[in-house]
Amino acid sequence: MSGQSPDLEADVAEVLLSEEQIRAKVVELGRQISVDYLAGELTLVSVLKGSLPFMADLMRQITVPLRIDLMEVSSYGGLSTESSGLVRILKDLSSSIDGRDVLLVEDIIDTGLTLNYLLRYLRGKNPRSLKICALLDKPARRLVDIPIDYTGFTIPDQFVVGYGLDYGELYRNLRYVGVLRPSVYETA
Ligand code: IMP
């Protein structure tokens, strides 16, 4: 059993990014992406499940024509707060991205191992261009150096939940990004 309480908020030590801060940043990112892709037709590829709220909010702040596609990946390792780097594709793209301008929409880049895997996979599908938009960047633990084209927030090396991010599949429905109390995963 984990130490998760029925009151999700009680497990959050500190609100790192408020709903308002996230909203403002998503508007800013959407504006920049709309300018940068003015000439083209964009395909947003989001990675379930953590990127779901970010994708849903970001796509509505982009004003150029776009398509969306969804992948789902899982890192081996269950409840752990550590990324293993071994990635399994649970859901593949639904449509071809051959010749398309693709923007990969990610929730958080931690070690970079998941992103590294995904980039190699997507490059193999011959997109015309491939860029990355990540809401959160946790550079302290980076193992693979990957330039991120659009970053929402750079955050310290803490395990965060909310706005799509989970621990043990919970906390995704919090409207903010908060630091999870270590006691929650230490007792897991
Ligand atoms: P990476 O492969 O280490 O970059 O990890 C990427 C994935 O690990 C993310 O898409 C998240 O699913 C998960 N992850 C990394 N850090 C956190 C965190 O602080 N909270 C929740 N999930 C995280």
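How far is an oxygen atom of the ligand from a polar backbone atom of glycine 112? In this predicted model, the distance is 2.8 Å. Let's look around the ligand, then move on to the protein's cores.

## Around the ligand

For threonine 114, an N or O atom of the side chain is 2.5 Å from a ligand oxygen, while for aspartate 107 a polar side-chain atom lies 3.0 Å from one. The protein buries 87% of the 490 Å² that the ligand exposes when taken alone.

Where does this shell come from?

## The largest core

Now for the nonpolar residues packed inside. The largest nonpolar core contains 28 residues, and Ile33, Phe54, Leu58, Leu136 and Val160 have the most contacts within it. Several elements supply at least two residues each, including β1 (12–17), α2 (52–59), β5 (101–109) and β6 (129–137). Helix α1 makes the largest contribution, 4 residues.

Beyond its neighbours within four places in sequence, leucine 58 touches Val26, Leu29, Gly30, Ile33, Val105 and Cys133.

## A second core

There is also a separate core of 19 residues. Among its members are Met71, Val73, Ile132 and Ile148.

Key: Residues are numbered from 1 along each chain as its sequence is written. This is a predicted model: local features need pLDDT of at least 70, side-chain atom pairs count only at pLDDT 80 or more; totals for chains, interfaces and linings use all residues. Side-chain values use heavy atoms; hydrogens and water are left out. A nonpolar core is a set of buried Ala, Val, Leu, Ile, Met, Phe, Trp, Tyr and Cys residues joined through side-chain atoms within 4.5 Å. Buried means under 20% relative accessible area, exposed over 50%, partly exposed in between (1.4 Å probe, protein chains only). Contact means heavy atoms within 4.5 Å. A polar contact is a pair of N or O atoms within 3.5 Å; within protein, one must be able to donate a hydrogen and the other to accept it, and residues adjacent in sequence count only if both atoms are side-chain atoms. Accessible areas come from the Shrake-Rupley method with a 1.4 Å probe; for residues, only the protein chains shown count as cover.
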